[in-house]
Amino acid sequence: MDFLQQFCQQTLNGMSLGSIYALLALGYTMVYGIVQLINFAHGDILMVGAFVSYFVLSKWGITPVTLMLSFLPSMLFCLTLGVSMEKVCYKPLRNQPRINALITAIGVSFLLENGARVIPAIGPNPRVFPTLPVVNYAWLGVSISRVQLLIFMVAIVLMLLLNYIVNFTKIGKAMRAVSYDKGAAYLMGINVDRVISFTFALGSSLAAAAGILFASAYPQIEPYMGIMPGMKAFIAAVLGGIGSIPGAVLGGLILGVAETLTKGFLSSQLSDAIAFGLLILILVVKPSGLLGKPMGEKV
Amino acid sequence: MSTKKTAVVCFLVVAVVLLLLYTLVALRIIDEYTSQVLTVAGINVIIALGLNLISGFTGQLALGHAGFMAVGAYTTAALVMKLNVPIFPAMLGGALMAALFGFLIGLPTLRLRGDYLAIVTLGFGEIIRVVMINLPKLTGGPAGLKGIPTFTTNFFWRPVLSFAMVYFTLALVVVFLSNLLKSSHGKAIISIREDEIAANAMGINVFYYKIFAFTLSAFIGGLGGALYAPFFGYLSPNMFNFQKSVEFLIIVVLGGMGNLTGTVLAGIGLTYLQEILRFLKDYRLVIYPVILIIVMIFQPSGVMGLFGNREFSLTAIINKLIGKSPNREKSADKAGEV
C-alpha cells in the first residue's frame, strides 16, 4: 500500500511538472510545425517570463491576486520578445539552409542567457522567487499543494484557449494551412509572415506562463534556468510527435511523470539522463513520435 | 616537376615552418605567454576542424564537441594515471573513446534529418558533465582532476613540447582532412550537405557517410581533449560546458562553414581576441552570440566567404613559384597554413 501511495504521489507530482513541460513543448511544436526550426531560445523565454514576473511581484508584493495578475505583463513582454526575435533574427534566414537558422537560434539563446547575466538588475546569482505560503490538501494519503493546483489550473485554461484559437478561429485555420503547405497557403492569400509572427507570439506567451509556474514550483531563478526545461520540453515535443499539438501535451506529461518516478524510485541524478534516454528510444523506435504522422521526404 | 615532387616540397616547407616555430618558442623569442595562448588556440582549432567536418562539410549541426573533448581528456588522464599507459597510446585511446561515443550517438540520430543530432549532442554534452561530476574515483568529481602527468616535467621544455605536440597534430589533422575532402569520400560527404535526397538518389549511402563523418569528427574532438589533458595537467568537468561547445561553433561559423583555412584563422584569431577582451569580464559573453547572429544574417559564408570560399593551398603556391600550370585534379594538396 505504501508503494502504491508513493507511486500515486510521484505520478501526481510528475503530472504537474509535465504540465509545465507541455506548455513549453507547445511553443516548440508550433514553431517547428510552421517554420521547421528548433527554436533553441524557447527555453530562455521561460527564464525571461519568470524574471518579469519576479520584478512585478517584488513591486506589488505576493498575494494570489498579484500572482495571477503578473501573468499579464510577463506574457505580454515575452510575446513582444518572441515576435521581435523572429523578425530580426529568423526572418532574414528563412530561405537559407536550415543549419543557418539553427545556429542563429543558438546565438539568440546565448544572447538571452548571457544578456540576462550581465544586466545588473538580474546578474549571475540565483534569486528567490516570491511564493505563496505552502498549503497542502491531502486525500487518501496523496497530497497536492496549492502551487500544483495552480499549475494544473493555468495549464488547462491555456491549453483550452490554444485549442480554441488553433481549431476555431480564422488565424488558427491559417496556421494549420501554413504548417500543411506554406507555398499553397501563400497562393491562397494567407499572409504567411503574419501567421509565423502570430505563432511565435503564441508560443512565447505560453513559455512565459510556463516560466512563472516553474518558478513558483522551484522558487529559484537565474539566467540559465531555462536550458534544462527547454531541452526537456523539446524532447517532450519529439516524444509526442513534433508538429502535433495534442502530442506536445501528451509528451510533456509522459516526460514529467517519467522524471519524477525516476527521482522517486531510482536516483535523482539519473532524472536528467532519463529524458535523453527517452529521446534516443523514441528516435530508434518511432521517429515520428507517438501522435505524429510519418513524413515522407518531399523533393 | 611531378606531383610527387611537389608533395615532397610541401612536406619540407611544412616541416621547416614547424621547426622554425619550435625554435622560436624554445629560444623564447615567442614568449611563454604567447606560446601558451598559441597552444590553446591550436587545440581549439583542432576541435573546431572536427566540428567543421560534421557541421560545415556534412551539414549536420552538432553542439556537443566540448563533450567529446571531455571524453578524450578524461580517458587519456585515466589511462595514464590509473593504468600507467604511456602518454601517446593513452592519447590515441582518448580519441578512440570519443569516436566510440560519437558512433553510438550517431547510430540512432543520423538516420533522421539533421535537427535531431543538434539536440542529442547538446544533451550528450550536458550529461557527460554530470557523469564526470558523479564519478569522483575516476575523474576527481566536481573539484577536478589534479596532477595529470604533463609531456615533460622539465620546466624549460614543457611549453615547447606542448606547443610542438599540438601544432604537429594540427598539421596532421589539416593534411588529413584536406586530402579526405578531395577524395571521393569527401565529395560524398559534401554532396550530403548540398542535397541529401539528391545524394541518396545518386547512390551515395547517406547514412554511412554521415556516421563516418560524425565518428571522425568526434575522434578529432577527442584528440583535442587528449592534447589538452597533458598540456594543462588539470581537468575539471565545468571546463567542458555548453559555452565551450558554442565557442567551437563560433570558430567554425566565423571562419566559414566548410572552409578549413577559415577555421584555422578564426580559431587563432578568436582565441587571441578572448585574451585581449579579458578586461571586459562578463560582457565578453554577450559579444560571442552577437558575432554568431550577425555573421549568420549578413555573411553566412564567414570570413573566407569574402575570398570566394577558397582554401589556402601550399601546392598551388609552389606550383606557381616554379611556373607549373595548376593541375588541380592531380596535385596532392596540402593546406599547410601552420
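What share of the contacts in chain A with a separation of 6 or more is accounted for by residues 24 or more positions apart? In this predicted model, such residues account for 76% of those contacts.

The secondary structure of chain A consists of twelve helices and four strands. Along the principal axes, its C-alpha atoms fill a box of roughly 60 × 45 × 35 Å. The radius of gyration of chain A is 19 Å, which agrees with the value near 19 Å that a compact globule of 299 residues would have. Of the 299 residues in chain A, 50% are buried.

Within this chain, one pair of helices may be examined in detail. Two packed helices are described by the angle between their axes and the distance between the axes. Helix α6 of chain A covers residues 146–168 and helix α7 of chain A covers residues 170–180; the two pack at an angle of about 75°, with their axes 5 Å apart. Angles of 65 to 115 degrees count as roughly perpendicular, and α6(A) and α7(A) are therefore roughly perpendicular to each other. On the side of α6(A), the residues that take part are Ile165(A), Val166(A), Asn167(A) and Phe168(A), and they meet Gly172(A), Met175(A) and Arg176(A) in α7(A). By class, the residues of this contact divide into four nonpolar, two polar and one charged.

Chain A also touches chain B: 33 residues of chain A are in contact with 34 residues of chain B. On the side of chain A, α5 (98–118), α10 (227–240) and α12 (270–285) each supply at least two residues. The helix that gives the most to this side is α5(A), with 14 residues. The residues of the side of chain A that touches chain B comprise 23 nonpolar, seven polar and three charged.

One helix pair across the two chains shows how they meet. The axes of α12(A) and helix α5 of chain B (residues 115–133) come within 10 Å and cross at roughly 150°. Because angles over 145 degrees count as roughly antiparallel, α12(A) is roughly antiparallel to α5(B). The crossing in which α12(A) passes α5(B) is left-handed. Here Asp272(A), Ala273(A), Phe276(A), Leu279(A) and Leu283(A) in α12(A) meet Tyr116(B), Val120(B), Gly123(B), Ile127(B) and Val130(B) in α5(B). The contact of α12(A) with α5(B) has eight nonpolar residues, one polar and one charged.

Notes:
Residues are numbered from 1 along each chain as its sequence is written. Chains are lettered from A and ligands numbered from 1 in the order in which they are written. This is a predicted model: local features need pLDDT of at least 70, side-chain atom pairs count only at pLDDT 80 or more; totals for chains, interfaces and linings use all residues. Axes are lines fitted to C-alpha atoms, for helices over the stretch in contact, and angles run from 0 to 180 degrees between N-to-C directions. Angles under 35 degrees count as roughly parallel, over 145 as roughly antiparallel, 65 to 115 as roughly perpendicular and the rest as oblique. Two residues are in contact if their C-beta atoms, placed from the backbone, lie within 7 Å. Ala, Val, Leu, Ile, Met, Phe, Trp, Tyr, Cys and Pro count as nonpolar, Asp, Glu, Lys and Arg as charged, and the others, Gly among them, as polar. The radius of gyration is taken over C-alpha atoms; the globule rule is 2.2 Å times the number of residues to the power 0.38. A residue is buried if 20 or more other C-beta atoms lie within 10 Å of its own, exposed if 12 or fewer, and partly exposed in between; C-beta atoms are placed from the backbone. A crossing is left-handed if the near helix is turned anticlockwise from the far one by less than a right angle, and right-handed if clockwise.
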